[in-house]
Amino acid sequence: MTKRNTQYAVRSTSNVYAVILVGGIGKRLQPLSKPSRPKPFLSVTKDRKTIFARTIARIGKMLPIENIIVVANKRQAHLIKKSSPKIVKGNLLLEKASKNTAPAIALASLKLKKRSGDAVIVVLPADHYIGNESVYLNTLKKGIDFVESNPRALVTIGLSPSFPATDYGYIKIVHSPCLAGRQARSTVHRNIFKVERFVEKPNIETAQKFIEDGSYLWNAGTFIFKAVTFLGAVRRLAKGIYGPLKDMRKIEEKYDMLPDISVDYAIMEKAYEIYCVKGSYRWEDIGSFDSLKKVLNAEGRRFLERDGKVTKIL
């Protein structure tokens, strides 16, 4: 595991945990991505590590390995162990069936609340490309410090759109200080805004208007909050998730009862104390072949393609 860098140190790493969501198979990248080799386990960078392994190594510069939790489908267990063998056994939470991000995050939050009542959780997708790690990690640090100071906050990361994307969700922020007085003027809370609303993937005309407006950011799918705060929101806003999960002894038999719903739909679009840290790092969700080819070209990786689809990465 990569040695932690004090440059990204948060106030205390003992109660800060990363929750890595491995997710599905990456249907939009088929046949390159498939059930036996889902998108997080593709190698797209010059070091030839998998996207998942790079995600673990990146957050490992900030947190110790024992504070990194992975939520994945049972079918992916062998891929995780092969890609990142240092993951602690008790930190691998395996779902019997993939139920989208809201149940996965709730499951991890319940586990971590039991482990540390004051746990701060950083939720990270396992399959995104980050081009500037130092800026990225400082953005996460800013969000963690904000949550430590504002324990009721649910924080997301937003990125300034560089083109009118129709494959990404957007966050509309309020262009005014999210806090008053001394906190609003501190360096810790610069570039942190109150969220007005979340917007699902728009059409091209709407996406262009979002860019012209200047109040809309790409939703990077990264969230930071205290476990107890998130679980409180689940209890209020997503009873269909909280009910089956609250008795951890029966989680195996009740997991099928959970709805297949994203955290954006279930919680973030309905909650009140939502804030956004504006980041400025290079990011690709690698959710399309165009996005994948951008990354491969940036990393100097050669590939074969047919009809616009990458068929093999060399």
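The following legends describe close-up views of a predicted model.

In this predicted model, local features require pLDDT of at least 70 and side-chain atom pairs count only at pLDDT 80 or more, while totals for chains, interfaces and linings use all residues. Residues are numbered from 1 along each chain as its sequence is written, and side-chain values use heavy atoms, with hydrogens and water left out.

**View A. The largest pocket and its lining.** The volume of the largest pocket is about 1200 Å³. On a 1 Å grid over the protein atoms alone, a pocket is an open set of points with protein on both sides within 12 Å along at least five of seven lines, a cavity is a set of points where a 1.4 Å probe fits but cannot get out, and lining residues have an atom within 4 Å of a point. Grid points are joined across faces, edges and corners, and a volume is the space filled by probe spheres set on the points. The lining comprises 47 residues, among which R28, N100, T101, D127 and H128 lie nearest the centre of the pocket. Two or more lining residues come from each of β2 (68-73), α3 (101-115), β4 (120-125), β8 (192-199), β9 (216-226) and α10 (263-268); helices (H or I, at least four residues) and strands (E, at least two) are DSSP runs, numbered from the N terminus. Strand β9 provides the largest share, four residues. By class, the lining has 21 nonpolar, 14 polar and 12 charged residues, where Ala, Val, Leu, Ile, Met, Phe, Trp, Tyr, Cys and Pro count as nonpolar, Asp, Glu, Lys and Arg as charged, and the others, Gly among them, as polar.

**View B. The largest cavity.** The structure holds three cavities of 30 Å³ or more, and the largest contains about 70 Å³ of space. Its lining consists of T55, R58, L124, P125, H128, I130, Y136, A220, T222, Y281 and W283.

View C. V44, T45, I51, R54, R58, H128, Y129, I130 and I286 line the cavity. Elements α1 and β5 (129-130) each give two or more residues to this lining, with α1 giving the most, three residues.

**View D. The aromatic pair of F210 and Y216.** The structure holds 10 aromatic pairs. The rings of F210 and Y216 are stacked, at 3.9 Å centre to centre with 10° between the planes. Rings of Phe, Tyr and Trp (its six-membered ring) pair if their centres lie within 6.5 Å; planes under 30 degrees apart count as stacked, over 60 as edge-to-face and the rest as tilted. F210 is buried at 6% relative accessibility, and Y216 is buried at 7%. Buried means under 20% relative accessible area, exposed over 50%, and partly exposed in between (1.4 Å probe, protein chains only).

**View E. The aromatic pair of W218 and W283.** These two rings form a tilted pair, 6.1 Å centre to centre with 50° between the planes. W218 lies in strand β9 and W283 in strand β11 (residues 283-284), so the pair ties together parts that are 65 residues apart in sequence. W218 is buried, at 5% relative accessible area, and W283 is buried at 6%. F163, Y168, W218 and W283 form one aromatic cluster.
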